[in-house]
Amino acid sequence: MKALNIIETGYRATLEEQDDPGVWLAYTLKAAGADVDVLLRGNAVNYAVKDQDAGGLQYGAWRQTQPPRLAENIASLTSKGMAVFIVSEDLQERGLGGVPLIESLTPVTRNGIARLLGNYDQVWHW
Amino acid sequence: MANYLLIESRDPYGSNDTQFCCDLAKQLAQQGDAVTVFLVQNGVFPARAGARADELSALAKAGIEILADEFSLRERGIPTDRLTAGVKPAPLDVVIDRLADGCKAIWH
Amino acid sequence: MADKKTLTFALMDPPYENARSTTALRLINIAAKRGYDINVFAYEGSVFLAFAMQKPHPNAMHGRNVEEENHVLTKELVSSLMQEAMRNGGKIDWVNCGLCVDERGAVEAVEGVRRGSPADFLKMAATSDNTLVIVTRG
């Protein structure tokens, strides 16, 4: 069984969870032996941006020592052998055309998503 | 040929991402797949006759089956005999039918 | 009678926050009435759907006391769905993601719910006739 995880919403609960739950789940499924890849679309394409910094949050005396490192988490997906696709037009409309992004991502156009889905037995939209 | 069920729970007035479902449905149909769009929850809002429903109209024009959850319609006071052209009311059971038949189902 | 199927649902939303939890339970209800075997992987806030410590309350706006209001408690819906599935020859395997339970303190769940992990979801998806993920929204 080959599954494509579509991750769309960006920055939902990432500061509290210290990662993105959809990305975490994809990583964990892969570690458990799943044949899974990821498609980043919508606001989640911003996860590929290198210069994100969520550090420094403090609530009274409590300081967050482990802020989310979303770009690193995405990079860890590719280093685990997952294909990570990213929608080109979603990057463009967010002004990410010339911004440094992590490597090893595979661009796909909006028109190319339908063909991509055909390569998978299951499509899970997180 | 694969079978797809796209479940659209969002409406085009509060969400600007309903175009994703519409475009995907058209692309799948163009490449020869069978696709149904199933509207549920606030996704049925554009199914009311007279509502702004550009995306539904485009889907209907492309010959794509558009079903709207009967309960969601009733819950919102949308009469099933006055729906946007191309939209048919259907029980939520259809989703289970299609899942049981092996449709690739994507919730949006 | 329809052929018996096995369906898996992955949920994310907690109760009382949006319509997705209601639709998810409606879908599970339909499958339970058909006697299907149903797997539920409750991820993130949806671990609260089966939270045993839910309590009903009265509603002053409705002018109803606790009994009259008969407030929906999703824990009761979950239990009822499990019974419905069994009554029709099926079953529900409801798994709460353990880490999600821990970080939320949602430890007490109704009977029949077990603690698990994404490995359970993987096994469920691999052995089901189909899987539907009901995504939350940011």
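**A guided reading**

Guide: Chain B has 108 residues, and 53% of them count as buried; a residue is buried if 20 or more other C-beta atoms lie within 10 Å of its own, exposed if 12 or fewer, and partly exposed in between, with C-beta atoms placed from the backbone. This is a predicted model, in which local features need pLDDT of at least 70 and side-chain atom pairs count only at pLDDT 80 or more, while totals for chains, interfaces and linings use all residues. Residues are numbered from 1 along each chain as its sequence is written, and chains are lettered from A and ligands numbered from 1 in the order in which they are written.

Visitor: Which pattern does chain B follow along the sequence?

Guide: Chain B has four helices and five strands. Helices (H or I, at least four residues) and strands (E, at least two) are DSSP runs, numbered from the N terminus. Read along the sequence, the pattern of chain B is β-α-β-α-β-α-β-α-β.

Visitor: What is the radius of gyration of chain B?

Guide: The C-alpha atoms of chain B fill a box of roughly 35 × 25 × 20 Å along the principal axes. The radius of gyration is taken over C-alpha atoms, and the globule rule is 2.2 Å times the number of residues to the power 0.38. For 108 residues that rule gives 13 Å, and chain B is close to it, so it is as compact as a globular protein of that length; its radius of gyration is 13 Å.

Visitor: In what order do the strands of the open sheet in chain B lie?

Guide: Two strands pair if DSSP finds at least two bridges between them. The edge strands, each pairing on one side only, are S4 (87–90) and S5 (104–107) of chain B. The sheet is open, has five strands and parallel pairing, and its order in chain B is S4-S3-S2-S1-S5.

Visitor: Which residue stands opposite B:Val37?

Guide: Strand S2 (residues 34–39) and strand S3 (residues 65–69) of chain B pair in the parallel sense over four bridges. The residue in S3(B) that stands opposite B:Val37 is B:Ile66.

Visitor: How many residues of strand S1 of chain C are buried?

Guide: Strand S1(C) is joined to strand S2 (residues 37–42) of chain C by six bridges, and the two run parallel. Strand S1(C) also pairs with strand S5 (residues 130–133) of chain C, in the parallel sense over four bridges. Strand S1 (residues 6–11) of chain C is largely enclosed by the rest of the structure, because the number of its six residues that are buried is five.

Visitor: Which element gives the most to the side of chain B that touches chain C?

Guide: The contact takes 12 residues from chain B and 15 residues from chain C; two residues are in contact if their C-beta atoms, placed from the backbone, lie within 7 Å. Helix H4 (93–100) and S5 of chain B each supply at least two residues of the side of chain B that touches chain C. With five residues, the element that gives the most is H4(B).

Visitor: Which element gives the most to the side of chain A that touches chain C?

Guide: Here 15 residues of chain A are in contact with 11 residues of chain C. Helix H2 (21–31) and strand S7 (122–125) of chain A each supply at least two residues of this side of chain A. The element that gives the most, with four residues, is H2(A).

Visitor: How many residues of H2(A) are buried?

Guide: Among the buried residues of H2(A) are A:Val23, A:Leu25 and A:Leu29. Their cover includes helix H3 (70–79) of chain A and helix H5 (118–127) of chain C. H2(A) is mostly covered, and of its 11 residues the number buried is eight.

Visitor: How many C-beta neighbours does A:Ile74 have inside 10 Å?

Guide: A:Ile74 has its place in helix H3 of chain A. Not counting residues up to four places away in sequence, A:Ile74 touches A:Val23, A:Tyr47, A:Ala48, A:Val84 and A:Ile102. A:Ile74 counts as buried because its number of C-beta neighbours inside 10 Å is 28.
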